[in-house]
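Work through these exercises with the structure open beside you. Try each task before you read its solution.

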Amino acid sequence: MLGNGKSKSGNTPQKLLNLIGTGTTIKGDIQCSGDIRIDGVVKGNIEVSQKLVVGPSGKVTGDITGSQISISGSVIGNVHADETTVLHGQSSVTGDIHTKQIIIEQGGVFNGHCKMGDNLNPVMPKVNETESAK
């Protein structure tokens with residue numbers, strides 16, 4: 001449901017759901033305070049305060065950040081989830097994942113590094129130049 005976050009009575013807030021449908025391409029960064037589902041194409045970074053779903057036809061080229069992230073489509077970029085990341089059977093992720101928990105279903109493809117646990121910093125520590133020269 002797309003809306004202003006209030007019920008018809010105006011008293012109880014509703015959960016916001018944003019949808020980027022099949023056939024839609026967005027170029028640019030997205031910030032969302034509700035949930036978002038992507039079935040189209042996004043070329044840019046996505047920051048969601050709640051749940052982000054990349055549907056089977058969804059394609060994201062950019063970093064994504066959210067509380068819960070569920071991927072059935074394709075992501076090229078880093079993923080940072082405060083809670084859980086789920087890669088469904090037909091998903092493809094190329095990039096690093098930082099998450100509290102990860103679930104990778106059979107058939108899911110993940111190419112990158114994964115760091116799990118509480119209190120994760122979304123920025124990977126840099127290798128100093130003297131170590132990389134070894």
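The exercises below go from paired strands to single residues and then to the core.

Two notes come first. This is a predicted model, in which local features need pLDDT of at least 70, side-chain atom pairs count only at pLDDT 80 or more, and totals for chains, interfaces and linings use all residues. Residues are numbered from 1 along each chain as its sequence is written, and side-chain values use heavy atoms, with hydrogens and water left out.

**Exercise 1.** Find the order of the strands in the six-strand open sheet, and name its edge strands.

Solution. Start with the terms. Strands (E, at least two residues) are DSSP runs, numbered from the N terminus. Two strands pair if DSSP finds at least two bridges between them. Now read the order: E2-E5-E8-E10-E12-E14, with parallel pairing. The edges are E2 (25–27) and E14 (109–111), each of which pairs on one side only. Next, zoom in on one pair. E5 (residues 41–43) and E8 (residues 59–61) run parallel and are joined by three bridges. Within this pair, Val42 has Val60 as its bridge partner.

**Exercise 2.** Trace how E4 pairs with E1 and with E7.

Solution. Take E1 first. E1 (residues 17–20) pairs with E4 (residues 35–38) in the parallel sense, over four bridges. Here Ile20 stands opposite Ile38. Then take E7 (residues 51–54). E4 and E7 also run parallel, joined by three bridges. Look for Ile36 opposite Leu52.

**Exercise 3.** Is Thr85 buried or exposed? Is Ile26 buried or partly exposed?

Solution. Thr85 sits in E11 (residues 79–87). Thr85 is buried because its relative accessibility is 0%. Ile26 lies in E2. Its relative accessible area is 27%, so Ile26 is partly exposed. Now list contacts (heavy atoms within 4.5 Å). Leaving out residues up to four places away in sequence, Ile26 touches Ile20, Val41, Val42 and Lys43.

**Exercise 4.** Which residues touch the most other members of the largest nonpolar core?

Solution. A nonpolar core is a set of buried Ala, Val, Leu, Ile, Met, Phe, Trp, Tyr and Cys residues joined through side-chain atoms within 4.5 Å. The largest one has 20 residues, and Ile46, Leu52, Ile64 and Ile71 touch the most other members. Strands E3 (30–32), E4, E6 (46–48), E7, E9 (64–71) and E11 each supply at least two residues of this core. The general rule: in soluble globular proteins, nonpolar side chains tend to be buried together.

Notes:
Buried < 20%, exposed > 50% of the residue type's maximum accessible area, 1.4 Å probe, protein only.
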